[in-house]
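Thank you for letting me take a few minutes of the meeting. I would like to walk through one model slowly, and I ask you to keep the picture in view while I talk.

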Amino acid sequence: AVISFLFPHYCLGCKTHGPILCNKCLAIIPPPERDLPRGIYALFDYRDPLIKKSLWLLKYGNIPELASIVAPQMYETILEIFSEEYALLEANHIVIVPIPTSGDKTKKRGYNHAYKIARAVVEHQNKNSKQKWQLLDPLIKIKKTERQAMVKGRDKRIKNIRGAYCIKKEFLKNTILENSFFIIIDDITTTGASINEAIRALKTLKPRHIFGITIAH
């Protein structure tokens, strides 16, 4: 309460007192207009100044609350994806997987922003459904890469992230995860290179299906 009084939060859009992004402003951010890579979905258009600034604060400004703000909409979008794209597939065991970051970046920020989003989605889902989704962190980043945002060109981004992820040892013999439905979560997708590389690594666990979803594209 003291912190809120000394450093009050205001919506980045309408400047009203409250969360950094109120529901009214969130509702007017447009969906992606550009085509998304196959098997990857996104909530908003990254070119919108409001979502771009919000994601910067999530990733670099030490303000992770955007994760809980977008979680309900990401959850509803996942349900829509299931009903429209995967209605014929049984999805009894759903596993939410955040894109990993390097240890240096996590240590510098104090958290993995993708994990914050993934946890917020699972917490929201578990409050609103009898079927419980599972949050797991089976991926580890093993290759130092340039920031994808700084790498220009699809081919260069694919090359930059290739071989960056692998499965943690403790998950390799976990046969319970076989035939599970994996959903990869990240903040932004551009070419889809990071999520596709995560999909490649996760196939080691023999899932039933995998798709990715991000806040923006």
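Let me begin with a definition: a disulfide is a pair of cysteine sulfur atoms within 2.5 Å. What we have here is a predicted model, and by that rule the count of disulfides in it comes to zero. Take Cys 22, which is in no disulfide, because the nearest cysteine sulfur, that of Cys 25, is 3.6 Å away, and the cut-off is 2.5 Å. Cys 22 is buried, at a relative accessible area of 13%, whereas Cys 166 is partly exposed, at 26%.

In what order do the five strands of the open sheet come? The order is 1-7-6-2-3, and the pairing is parallel. At the edges we find strand 1, residues 40–44, and strand 3, residues 134–135, each of which pairs on one side only. Helix 4 packs on this sheet, where it touches strand 1, strand 2, strand 6 and strand 7, and its direction makes about 140° with that of strand 7. If you look at strand 6, residues 181–188, and strand 7, residues 209–216, you will see two parallel strands that are joined by seven bridges, and in this pair Phe 181 stands opposite His 209.

Staying with strand 6, I would like you to find Asp 187, which lies in that strand. Is Asp 187 buried or exposed? Its relative accessible area is 2%, so Asp 187 is buried. Setting aside its neighbours within four places in sequence, Asp 187 is in contact with a set of residues that includes Leu 55, Leu 58 and Lys 59, as well as His 113 and Ile 117, and also Thr 214, Ile 215 and Ala 216.

In helix 6, His 113 and Ile 117 are among the buried residues, and Asn 112 caps the N-terminal end, with a side-chain oxygen 3.0 Å from the backbone nitrogen of Ala 114.

Ile 63 is partly exposed, with a relative accessible area of 24%, and, not counting residues up to four places away in sequence, it touches Ile 20, Leu 57, Leu 58 and Tyr 111.

Finally, a word on backbone angles. Most residues other than glycine have a negative phi. Which value does Lys 15 have? Lys 15 has a positive phi of about 70°, although it is not a glycine; it sits in the loop between helix 1 and helix 2 and, at 55% relative accessibility, counts as exposed. Asn 179, in the loop between helix 8 and strand 6, has a positive phi near 70°, and at 54% relative accessibility it too counts as exposed.

Technical notes
Residues numbered from 1 in each chain as written. Predicted model: local features only at pLDDT ≥ 70, side-chain atom pairs only at ≥ 80, totals over all residues. Heavy atoms only, no water. Buried < 20%, exposed > 50% of the residue type's maximum accessible area, 1.4 Å probe, protein only. Contact = heavy atoms within 4.5 Å. Helix = DSSP H or I, 4+ residues; strand = E, 2+ residues; numbered from the N terminus. Polar contact = N/O pair within 3.5 Å; in protein donor to acceptor, adjacent residues only side chain to side chain. Pairing = 2+ DSSP bridges. Axes fitted to C-alpha atoms, helices over the stretch in contact; angles between N-to-C directions.
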